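I opened my notebook and went through this fold one piece at a time. Here is what I looked up, in the order I looked it up.

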Amino acid sequence: MLKGIDRHLSAELVHVLMLMGHGDDLVICDVNHPAATIAAKTVHGRVVDMAGCDIPTGLAAILTLLPLDTFVDAPVARMQAVGDPGADMPVFGLVQAVIDAAEGRAVPMQALERFAFYEAAGRAFAIVRTSDPGPYGCFILKKGVVDLPRI
């Protein structure tokens with residue numbers, strides 16, 4: 001355990017976040033997502049588990065360290081409900097609230113059709129699987145930059 005790091009963040013997850021660069025994507029998903037299959041295609045190559053976390057809790061922890069990209073229109077993508085692309089699933093609002101609070105502003109979120117989401121997830125840096133029961137708890141976050149002062 002270290003000071004200032006959310007207890008929900010494992011050493012593996014902190015390592016993954018540190019390895020990511022500006023513009024890299026991180027998937028955070030529920031237990032229904034085919035995480036292991038898709039994670040094999042990612043840069044990291046395997047699932048990072050956040051056992052015991054729902055998506056809002058896990059996401060809030062991740063966003064204490066991960067800046068979202070401000071150079072793109074929508075730094076967050078989510079999966080659309082199959083057969084009802086306009087459906088507003090409960091997890092969508094919960095995640096939007098966490099993201100907006102972490103960034104201190106309204107953050108645009110893009111909706112992707114299921115198979116387009118899977119394709120985009122396969123190009124991500126890593127996949128983080130939570131214990132969230134879903135459904136449709138599948139999100140892609142684009143990493144931004146931290147503007148640190150020179151010392």
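**Entry 1: ground rules.** I first checked what pairing means: two strands pair if DSSP finds at least two bridges between them. Helices (H or I, at least four residues) and strands (E, at least two) are DSSP runs, and they are numbered from the N terminus. I noted that this is a predicted model, where local features need pLDDT of at least 70, side-chain atom pairs count only at pLDDT 80 or more, and totals for chains, interfaces and linings use all residues. Residues are numbered from 1 along each chain as its sequence is written, and side-chain values use heavy atoms, with hydrogens and water left out.

**Entry 2: the sheet.** The strands concerned are S2 and S5 (residues 126-130), which pair in the parallel sense over 4 bridges. Then I followed the whole sheet, which is open, has 6 strands in the order S2-S5-S1-S6-S3-S4, and shows mixed pairing. Which strands form the edges? They are S2 (47-50) and S4 (109-112), and each pairs on one side only. On average, neighbouring strands of this sheet are turned by 25° against each other, direction ignored. For angles, axes are lines fitted to C-alpha atoms, for helices over the stretch in contact, and the values run from 0 to 180 degrees between N-to-C directions.

Next I looked at what lies on the sheet. Helix H4 (residues 90-103) packs there and touches S3 (76-79), S4 and S6 (138-142); contact means heavy atoms within 4.5 Å. The direction of H4 makes about 150° with that of S4.

**Entry 3: salt bridges.** How many salt bridges does a search of the whole structure find? I got 5, a salt bridge being a side-chain nitrogen of Lys or Arg within 4 Å of a carboxyl oxygen of Asp or Glu. Side chains of opposite charge can pair when their charged atoms come close.

- Glutamate 12 forms a salt bridge with arginine 46, and their closest N and O atoms are 3.4 Å apart. Glutamate 12 is in helix H1 (residues 11-19) and arginine 46 in the loop between helix H2 (35-39) and S2, so the pair ties together parts 34 residues apart in sequence. Glutamate 12 is partly exposed at 29%, and arginine 46 is partly exposed at 48%.
- Aspartate 49 forms a salt bridge with arginine 129, with the closest N and O atoms 2.8 Å apart. Because aspartate 49 lies in S2 and arginine 129 in S5, this pair ties together parts 80 residues apart in sequence. I found aspartate 49 partly exposed at 41% and arginine 129 partly exposed at 24%.
- Glutamate 119 forms a salt bridge with arginine 123, the closest N and O atoms being 3.4 Å apart. Glutamate 119 is exposed at 53%, and arginine 123 is exposed at 57%.

Entry 4: Most residues other than glycine have a negative phi, and most peptide bonds are trans. I then checked the loop between S5 and S6, where proline 135 lies. The peptide bond from glycine 134 to proline 135 is cis, with omega near 0°. Tyrosine 136 is found in that loop too, and it has a positive phi of about 60° although it is not a glycine.

Terms used: Buried means under 20% relative accessible area, exposed over 50%, partly exposed in between (1.4 Å probe, protein chains only).
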